[in-house]
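Colleague: I have a model open and would like to go through it with you. Can you take my questions as they come?
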Amino acid sequence: MAEVSVRKVVKEYDGGVQAVKGIDLDIADHEFVVLVGPSGCGKSTTLRMIAGLEEITSGEIWIDGDVVNDVPPRDRDIAMVFQNYALYPHMSVFDNMAFGLKLRKFPKDEIKRRVDEAARILDIVPLLDRKPRALSGGQRQRVAMGRAIVRNPKVFLFDEPLSNLDAKLRVQMRTEIKKVHQTVRTTTVYVTHDQIEAMTLADRVVVMNHGVIEQVGTPNDLYHHPATRFVAGFIGSPAMNFMPCRVQDGANGGLDVRVSDSIIVPIPPARVDRYGKFKGKNMVLGLRPEHLFEYHEQGKPGWSRVEMLVDVVEPMGMETMVHYFVDGAPICARVDPATHAAPGEMMPLTADLNQMHLMEPDTGKVV
Amino acid sequence: MVDGTSVPIGVTAPRSKAGRKTTMQKFAQRRSTTGFLLCLPLILLIACFVIYPAFYAIYLSMLNKKMTAFVGLGNFEFLLKRHTFQLVIFQSCLFAITSVVLKALLGFTLAHLMHNIPGKNQKIWRGLLLVPWVIPLALSTLTWWWMFDPSYSAFNWVLNQFGFANVPWLGVGWIARFCTIAVNVWFGTPFFMIMYLAALKSVPEQLYEAAAIDGAHGIQKLIFVTLPMMRNIIAITVLFSLITTFADFDIVRILTAGGPQDMTHVFATYAFQVGIQSGDIPLGAADSLFMFPILAFAAFFVLRGVTQRTKEIAA
């Protein structure tokens with residue numbers, strides 16, 4: 001087990017396209033770090049550079065205190081689980097798992113002990129004699145994880161390992177991966193484009209976009225204190241609502257946020273100082289769907305009431321999503337399933353503005 | 001309806017006697033019958049040009065020289081006792097096995113080199129290396145024959161330039177054997193190269209990456225990933241090439257016509273000499289039939305292996 005550091009790492013492809021633009025990241029021993037971001041953000045490239053499968057244009061990668069820029073993958077003492085498993089189709093499950101150990105000339109008894117142990121952890125003991133062809137997607141993924149575990153490497157690398165599984169199996173395997181990490185405690189770098197996977201698995205999440213790191217933090221940090229509009233929009237499902245707004249003077253020396261002619265809401269007193277310097281400026285208001293509520297007379301005192309025209313209602317059982325438009329911008333509220341909201345009708349709404357985020361429209365920075 | 005009655009949609013009217021299908025109609029409507037009829041032209045072609053000639057050859061091989069009497073396996077016995085024919089068996093095996101092994105090794109090496117040449121340049125090299133395979137064999141063998149000529153050949157001219165004496169390329173048994181094999185390898189290697197190149201391209205890149213992370217270096221990747229993934233293609237190309245090389249006629253006929261002292265004869269050229277030139281067609285037929293058990297034996301084991309592996313690894 002080891003620490004991993006990525007220092008000012010750049011990856012530039014032929015033709016000058018930069019996939020990774022000088023990122024810095026320190027991963028502690030035993031830590032489970034998830035790189036998350038949309039397609040093409042550079043997360044997989046970063047992982048592959050850590051693995052040694054991709055050359056680094058500039059910068060340094062450290063594993064366990066050593067610079068490994070010029071160390072081939074086989075000497076980095078890492079294990080990787082690929083999106084499409086990359087199992088050797090001509091070898092049995094046992095041989096797939098034992099391959100790395102055989103190449104490293106481990107004694108036969110030790111290989112058998114390690115493979116049996118990993119198979120027991122992953123619950124694949126009855127599959128050891130089968131060929132990958134005879135396994136289901138979930139079983140193949142377990143074998144791929146087993147191949148990584150038996151090596152007892154310094155670092156585990158996962159490259160979107162659950163993308164090829166169906167939704168139900170994905171949830172199950174997610175739990176398995178977390179369980180395995182809790183058992184073996186190996187430093188893990190995990191790449192996914194699924195923010196739910198990132199939130200549920202990670203000790204820390206690294207959000208990447210256009211080859212740069214937007215924010216690094218615990219799942220809660222990212223959810224409640226996003227640093228940029230991108231992170232605010234990427235983390236959370238359904239995504240945060242964004243509405244163009246203007247900060248203006250309010251009643252009793254306070255401030256208001258003016259979203260439209262009919263939607264002017266007061267900024268909570270605790271945030272007046274923070275947002276005071278943006279008075280008169282055009283900003284973007286961010287509010288998560290769960291911070292918008294159906295207005296009830298018995299609601300919290302001081303919360304403003306706004307009437308909104310319902311566009312679409314999506315009952316989901318434990319909650320209901322209601323969609324509206326504010327000046328052309330789509331807005332979603334996650335409300336009580338007992339709501340009587342119906343498309344084409346007006347619905348009274350209120351918001352917990354203590355959870356609001358205000359962003360600069362040009363830089364996207366949350367202020 | 002015209003008679004004023006109506007039948008609800010989806011409810012079948014009672015079958016009339018006239019509407020009942022005959023056995024012949026049922027037979028004609030079966031999927032297997034349609035399949036058979038679609039394959040019939042091919043079956044007829046194979047029957048006319050493969051099955052009939054094969055059985056006719058077997059029939060011929062059991063007749064006497066004048067083709068007037070049945071002699072059973074007499075022609076086969078006669079051939080096996082003849083020293084020349086023993087040479088033919090030896091040379092055919094030597095020619096086919098050595099050529100195929102060399103073609104496979106060279107083709108594999110070239111395919112690997114080609115695989116590592118980036119994009120556009122690869123196409124150019126691939127095109128150039130395919131040239132020997134696309135030139136009509138008889139024509140290119142004539143060029144080789146000229147190059148092997150003892151007096152005016154290109155090879156001997158080069159040797160002379162370096163102070164070496166002329167080599168009788170096609171005049172001495174073992175050298176002539178080497179020459180026929182060399183020309184066959186020159187002609188057949190591009191086929192192996194192109195097949196192996198296609199196979200190499202079909203090996204998923206992630207298997208190499210997984211192997212690299214598992215700790216494999218170049219040779220180990222070749223042994224544990226590339227070769228097992230290519231086994232089926234290797235087996236099928238080797239079998240195909242073995243069949244065509246065993247049956248080769250052009251190269252030996254043009255280069256040496258079986259000489260010197262019958263040392264380069266293979267089954268096909270010897271069958272031609274005995275059957276056509278010497279007019280003993282039954283003996284020629286018997287000669288050519290000797291290839292069949294050898295190739296059938298090889299084909300059985302190769303194809304059985306291919307089927308087994310396909311079942312094992314096909315995802």
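Modeller: Let me start with a loop. Asp77(A) sits in the loop between strand S5 (66-67) and strand S6 (78-81) of chain A. Bear in mind throughout that this is a predicted model.

Colleague: What is the phi of Asp77(A)?

Modeller: Asp77(A) has phi near 55°, which is a positive value in a residue other than glycine. Most residues other than glycine have a negative phi.

Colleague: And why does Asp77(A) count as partly exposed?

Modeller: Because 19 other C-beta atoms lie within 10 Å of Asp77(A), and a residue is called buried at 20 or more.

Colleague: What about Ala86(A), where is that one?

Modeller: Ala86(A) is in the loop between S6 and helix H2 (93-103) of chain A. Its phi is near 50°, again positive in a residue that is not glycine.

Colleague: Is Ala86(A) buried or exposed?

Modeller: Ala86(A) counts as buried, because it has 25 C-beta neighbours inside 10 Å.

Colleague: Peptide bonds next. Which kind joins Ser237(A) to Pro238(A), cis or trans?

Modeller: That bond is cis, with omega near 0°. Pro238(A) belongs to the loop between helix H8 (229-234) and strand S11 (241-249) of chain A. Most peptide bonds are trans.

Colleague: How many bridges join S18 to S19 in chain A?

Modeller: 7 bridges join strand S18 (residues 320-326) of chain A to S19(A), and the two run antiparallel. Thr320(A) is opposite Val335(A) in S19(A).

Colleague: And S16 of chain A, which residues are on its covered face?

Modeller: Val306(A) and Met308(A) form the covered face of strand S16 (residues 306-309) of chain A, while Glu307(A) and Leu309(A) form the uncovered one. S16(A) is joined by 4 antiparallel bridges to strand S20 (residues 346-351) of chain A. Met308(A) has Met347(A) as its bridge partner in S20(A).

Colleague: On to the core. Which residues touch the most other members of the largest nonpolar core?

Modeller: That core has 110 residues, and those touching the most other members are Val34(A), Met80(A), Ala144(A), Leu157(A), Val189(A), Val206(A) and Val207(A). Take Val206(A): leaving aside neighbours within four places in sequence, its contacts include Leu25(A), Val33(A), Val34(A) and Ile213(A). Another core, of 46 residues, lies apart from the largest one, and its members include Trp144(B), Phe187(B), Met193(B) and Ala286(B). In soluble globular proteins, nonpolar side chains tend to be buried together.

Colleague: Chain B, then. What does its domain assignment give?

Modeller: Domain 1 of chain B covers 2-60 and domain 2 covers 74-314. The centres of these two domains of chain B, taken over C-alpha atoms, are 45 Å apart.

Colleague: How many of the residues in H12 of chain B are buried?

Modeller: 8 of the 11 residues of helix H12 (residues 267-277) of chain B are buried, so the helix is mostly covered. Among them are Phe267(B), Tyr270(B), Phe272(B) and Gln273(B). Gly279(B) follows H12(B) and has a positive phi, near 75°.

Colleague: Last one. How many residues does each chain bring to the contact?

Modeller: Chain B brings 18 residues and chain A brings 19 residues. Helix H9 (205-214), helix H10 (218-246) and helix H14 (291-313) of chain B each supply at least two residues of the side of chain B that touches chain A. The largest share of that side, 7 residues, is from H9(B). By class, the side of chain B that touches chain A has 11 nonpolar, 4 polar and 3 charged residues.

Note on methods: Residues are numbered from 1 along each chain as its sequence is written. Chains are lettered from A and ligands numbered from 1 in the order in which they are written. This is a predicted model: local features need pLDDT of at least 70, side-chain atom pairs count only at pLDDT 80 or more; totals for chains, interfaces and linings use all residues. Domain bounds come from an automatic or database domain assignment. Two residues are in contact if their C-beta atoms, placed from the backbone, lie within 7 Å. Ala, Val, Leu, Ile, Met, Phe, Trp, Tyr, Cys and Pro count as nonpolar, Asp, Glu, Lys and Arg as charged, and the others, Gly among them, as polar. A nonpolar core is a set of buried Ala, Val, Leu, Ile, Met, Phe, Trp, Tyr and Cys residues joined through C-beta atoms within 7 Å. A residue is buried if 20 or more other C-beta atoms lie within 10 Å of its own, exposed if 12 or fewer, and partly exposed in between; C-beta atoms are placed from the backbone. Two strands pair if DSSP finds at least two bridges between them.
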